[in-house]
Amino acid sequence: MEDFQEHFMGQEEFNEDDKPLLSPFNPAFRPTRLHIQRSSICSRAYFVVVMVFFHVYILNVIGLLLYVHYNNGPGDLVSRDGATSASVSDSGSPLPHPAPASPSGELHVEDYSQSYSLPRIEGIRVGHVQQVSFVPDKTHEMKTISLKPLLFEIPGFLSEEECRVVVQLAQLKGLMESQTTAPSQGQEESNQPLLSLSTEEVFSLLDLNQDGLLQKQEIVSHSRSRDGTWLGPDSLRQILTGLEDCPTGMLTLGDFRRVYDVSQRPGQQRSRKLRSQFKQRSKHTWLYQGQGSHHVLHTLRNRIISLTRLPSALVELSEPLQVIRYEHGDFSNAHHDSSPSHSETTCAHTRLAGNTSALAEVSCRYLTMLFYLSSVEEGGETTFPVADNRTYEEQALVQDGVDLTDTQETCGRGNLRMKPTAGTALLWYNHLSDGRGWMGELDEYSLHGECPVRRGVKWVANSWVNVDPDHQQQARYQRLVAQRHQAKSGMEEHYQPLSHSDLHQDL
């Protein structure tokens with residue numbers, strides 16, 4: 001720098017007389033030393049480099065989180081061109097992508113012999129709202145209510161009309177007592193009829209394809225369980241006898257009126273007897289959702305498949321829909337829907353392929369979907385006593401001598417209470433993930449119960465997805481179901497008409 005300044009100072013401008021040229025625009029140069037802060041330049045460059053690397057790191061982290069969020073669990077990756085890229089499980093076998101739900105309610109038997117992963121919906125944080133779509137051309141808001149358990153609320157999951165149909169189907173099937181208990185203090189006996197539907201409404205519910213004609217299979221589809229109080233063997237035999245007397249083999253609304261009235265006469269005294277013993281009568285029933293069921297029921301099942309992204313085979317092989325009616329003073333103490341896994345127990349739904357030497361059968365329910373079919377004027381909340389607690393200890397359920405599982409006494413002390421609103425659905429996971437895309441340990445925070453109804457009537461429906469914590473046992477069970485269905489399909493080629501006593505079969 002100093003050499004440069006000396007060289008510059010040695011060069012002056014001269015005129016023709018070899019005298020220095022001075023002008024106001026060319027003042028005499030005064031040598032000065034430039035003080036450049038080198039450390040300042042280095043700091044700025046270093047800061048720019050650090051910031052570039054920091055932003056690249058943040059972008060990589062965000063990309064990784066999005067990748068995990070949209071591809072949660074093995075076997076759930078789908079390429080852009082629509083092809084499924086199967087992952088490899090611990091056993092080295094590919095895990096296929098869940099098959100789409102069938103709008104007609106047909107069984108995906110070809111998928112029963114496959115093994116799957118269990119995707120989970122991310123809760124993100126309490127209060128987070130995400131848009132979900134399980135109905136064409138319509139989106140719903142799903143709100144995260146808690147993270148322990150992972151609990152979501154979806155308003156408007158069912159329409160008012162769909163809620164009404166499910167309630168009517170439950171009435172048509174007949175409600176049974178879950179447990180004989182003494183009436184609570186102040187509880188009055190209900191005189192409401194067991195079946196308060198008109199003949200036209202019953203005909204519409206039985207007419208599955210809504211063509212105005214009742215066929216034999218449509219009537220039989222409502223008799224798949226022994227727990228009905230209306231479609232019992234006697235009334236079923238009477239209706240089928242009337243159908244066989246018709247030359248066309250089908251019943252019009254006029255024909256059904258005559259047959260239905262005759263079938264109800266022998267049961268009038270029995271209905272009055274059941275009403276007088278109302279407190280011992282159950283308040284729940286099961287509705288079959290498989291092939292041949294009412295279109296609202298298998299539409300509901302398909303929505304569950306779309307929302308949870310679970311394989312259709314798992315949902316189809318799970319328990320039927322449970323519908324419960326809570327009247328004044330009715331309640332449910334806090335409990336877990338599923339059970340912890342032990343070597344001495346086997347899952348009830350896979351008992352055909354399970355451990356025959358197991359001491360007990362337990363319920364294995366990966367998740368619960370609860371549907372509010374009616375609103376309640378007062379009471380009837382669903383309570384989660386220990387939701388989002390820092391820790392869970394059974395000893396902590398008793399506080400100051402009060403048991404938090406006793407919803408009759410301590411419903412107001414629960415951490416979380418959900419008020420029933422018709423059409424709203426709750427979804428929560430009863431189990432944690434095992435970290436490998438399958439069902440892990442029981443989430444003890446999923447403890448929940450139903451508060452007593454103070455005023456009004458509460459209708460709810462429960463849908464459970466049954467999964468065996470033993471991945472291989474679940475796969476064996478699905479293969480067994482596939483083999484039995486294939487054998488049954490072969491026998492149907494040589495179908496013989498069933499007697500009326502054989503039509504009232506179990507689920």
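I looked up the cysteines and found C347 and C364 joined in a disulfide, with 2.0 Å between their sulfur atoms; a disulfide here is a pair of cysteine sulfur atoms within 2.5 Å. The model is predicted, so I note that local features need pLDDT of at least 70 and side-chain atom pairs count only at pLDDT 80 or more, while totals for chains, interfaces and linings use all residues. Residues are numbered from 1 along each chain as its sequence is written, and side-chain values use heavy atoms, with hydrogens and water left out.

**Disulfides**

I searched the whole structure and got two disulfides. The C347–C364 link is left-handed, at -85° about the S-S bond. C347 sits in strand β12 (residues 345–347) and C364 in the loop between β13 (360–362) and β14 (365–372), so the bond ties together parts 17 residues apart in sequence. Helices (H or I, at least four residues) and strands (E, at least two) are DSSP runs, numbered from the N terminus.

I checked burial next: C347 is buried at 3% relative accessibility, and C364 is buried at 5%. Buried means under 20% relative accessible area, exposed over 50%, and partly exposed in between (1.4 Å probe, protein chains only).

The other disulfide I noted joins C411 to C451, S to S 1.4 Å. C411 is in the loop between α11 (407–410) and β19 (416–418), and C451 is in the loop between β23 (448–450) and β24 (453–455), 40 residues apart. C411 is buried at 10% and C451 at 2%. Counting bonded cysteines along the chain, I get the pattern 1-2, 3-4.

**Helix α4**

I listed the buried residues of α4 (residues 199–206): T199, V202, F203, L205 and L206. They lie on the same side of α4, because they cover an arc of only 165° around the axis; the arc is that of the directions from the helix axis to the C-beta atoms.

**Salt bridges**

I searched the whole structure again and got ten salt bridges, each a side-chain nitrogen of Lys or Arg within 4 Å of a carboxyl oxygen of Asp or Glu.

One of them pairs R257 with E200 at 2.8 Å, N to O. R257 is in helix α7 (residues 253–264) and E200 in helix α4, 57 residues apart. R257 is partly exposed at 34%, and E200 is partly exposed at 37%.

I also noted K283 with D330 at 2.1 Å, N to O. K283 lies in strand β9 (residues 282–287) and D330 in the loop between β10 (321–326) and β11 (332–335), so the pair ties together parts 47 residues apart in sequence. K283 is buried at 16% and D330 at 7%.
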